[in-house]
Structure formats: C-alpha cells, structure tokens
Amino acid sequence: MNRLESMATVNGIRMHYLTAGDGPPLFLLHGWPQTSHCWHKVIGSLAETHTVIAPDLRGYGRTDKPKGGYDKRTMAADVAALAGHLGFARTAVAGHDRGGRVAHRWALDRPDQVERLAVLDIAPTRAMWQRLDTGVAKACWHWLFHLQPDLPELLAGQNIAAYLGYFFERWTYQRHALDANAVTEYVRAFSQPGALRAGFDDYRASFPDDAELDDADYEAGKRVTQPLLALWGANGLLGTLPALEIWQEYADDVTGAALAECGHFLPEEQPDEVVAHLRKFLCP
C-alpha cells in the first residue's frame, strides 16, 4: 500500500501528514515521544478499508513548532482544519497517548465532524489528575516534570536518545516491538530545533488550560455522545485502573478491551490486535 507524504497550511501552521488507502476517512493521532511514524505497522491494513490520514501534531515531527497553541482545543482545531482541507465533513479518529487527548477534545468540540472515537492507552486527563495517588504519580512522574518551565529541555537536551530511550524501555512489554529504525526516527524528530520544547509545551498545556476546560465541560454535563472504543495495554498503567468504568463517566457508548502482553505502545507492540479491534469498531 503506497503512503503519500504531504504538507498543508491549516489553522496558521504547516502540518505534515501521511495518507494511504481509499474509503471512509480515519485519522490516526500519535502521542509523545513519537510522531505519525508510530502507525507504520497498522496503516497498510487499515488502508484496505479506509482513507487513513496520520498527521504530525502541532509541535511534532515535520509539522511547525510554534511557541503557543498546545492546549487540546487548539490542537484539535488543527486536525479539524486538516480534515476540512482534505474535504472530509465527517471522520472517525483514533488517538494514542497525547493524540488520544487531542482526539477526545475534537470529539467533544465538534461532534458534527467526529463520528467515532477510539482512544489507545489513555484515560481522560481530568480523571488522571483526580487519581494522582502514589501509584499513579510513580507511573506518571513525567507529567509533573514536563510541566516545569525550561528544566526538562535543559536536562533532556543533554542526551535526547537516552531520555527517550528510558520511556521506550520502561513503557513497553514487547521491548523488541520498537525496532531500531523507529527509535532512530523518534530521536531524529526530537533532535530538531524546537521539538523538545514543543513536546513539553503539550504537557504544560495540561494544567491549567486543559484542566479548566475539562472541568467546565464535566460540570456542564458535556459528554462524548459518539461511539467510543478504549484499548489499553494489560501490562501498562491502565491495566491497573478500571479503564472502561472511567471512560463510562465521560462518554455514553463505551466498549473496550485490554490487550494481553502489551505495554503502552499498542500500535507497535500489538499491531494485529489493534487492527482487529479498530476494524470491528469502524465497520460494525
């Protein structure tokens, strides 16, 4: 399956994206510390039934890295504008890690545009802040570290490969799944000017910007009304939390499953399982 690389100017930034296949649109949104490359094991199979669009989010990969706009509402507006640019009035979206948070916000803000939502190895940001006990804090210490101004860039910038490698090792169950070429690509991406800062700005926007908006929506009773699929690694943090029950607090129609022998990086650790679940969800 041929994959095309393209650039588009949307919402004031130049956004890099991959496309493959033909059929109903499916957006794939990556997380940190990765890029659209994280979908390389699943794009071909998903493109057999869908037009797959995998952008580099604001601040990541080959997309622009402005000094603002990392709140999830703005990042969701970026991909919404890309969908419009490509002529898609309605689309399904699957997001992993930080991309899942962008996808969640996209579904809340534009239910007319997002028809189905899949979230991979995340719980809602608001729920994670509420569950910040010692166990969650130990697993998610990087959230609090990445929120700090300047210091993460200073320390991580001394050895980007070692810093990212720490997470690739600790967050995987299938450690061979992130092959050397993929790791090299992620290190290359985060070694570009502005890339580390932009990735940390994504986290910095979590509090207070994203938190205030999430709280306001929750208190107003705003929920995801579209069908929602939650997938998570049985051997990761979400394997210790009641993931389905958590999502049921925020969405009306929730299904999901834990993937066995899988850590955080679902599309690379268990690509066949991810494809099987997404196909069933997207083509009921």
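Start by selecting Asp-64 and Arg-14: they form a salt bridge, with the closest N and O atoms 3.0 Å apart. This is a predicted model. The pair links distant parts of the chain, 50 residues apart: Asp-64 sits in the loop between strand 4 (51–55) and helix 2 (72–85), and Arg-14 belongs to strand 2 (residues 13–20). Arg-14 is partly exposed, at a relative accessible area of 48%.

Next, pick Asp-109 and Arg-73, another salt bridge, whose closest N and O atoms are 2.8 Å apart. Asp-109 lies in helix 3 (residues 98–109) and Arg-73 in helix 2, so this pair ties together parts that are 36 residues apart in sequence. Asp-109 is partly exposed at 23% relative accessibility, and Arg-73 is partly exposed at 37%.

Now extend the selection to Arg-105, Asp-214, Asp-217 and Lys-222, which are linked with Arg-73 and Asp-109 in a network of salt bridges. The structure holds 21 salt bridges.

Is Asp-201 buried or exposed? Asp-201 is buried, with a relative accessible area of 14%.

Finally, show helix 8 (residues 160–170) and colour its buried residues: Ile-160, Tyr-163, Leu-164, Phe-167 and Phe-168. They lie on the same side of helix 8 because they cover an arc of only 135° around the axis.

Technical notes: Residues are numbered from 1 along each chain as its sequence is written. This is a predicted model: local features need pLDDT of at least 70, side-chain atom pairs count only at pLDDT 80 or more; totals for chains, interfaces and linings use all residues. Side-chain values use heavy atoms; hydrogens and water are left out. Buried means under 20% relative accessible area, exposed over 50%, partly exposed in between (1.4 Å probe, protein chains only). Helices (H or I, at least four residues) and strands (E, at least two) are DSSP runs, numbered from the N terminus. The arc is that of the directions from the helix axis to the C-beta atoms. A salt bridge is a side-chain nitrogen of Lys or Arg within 4 Å of a carboxyl oxygen of Asp or Glu.
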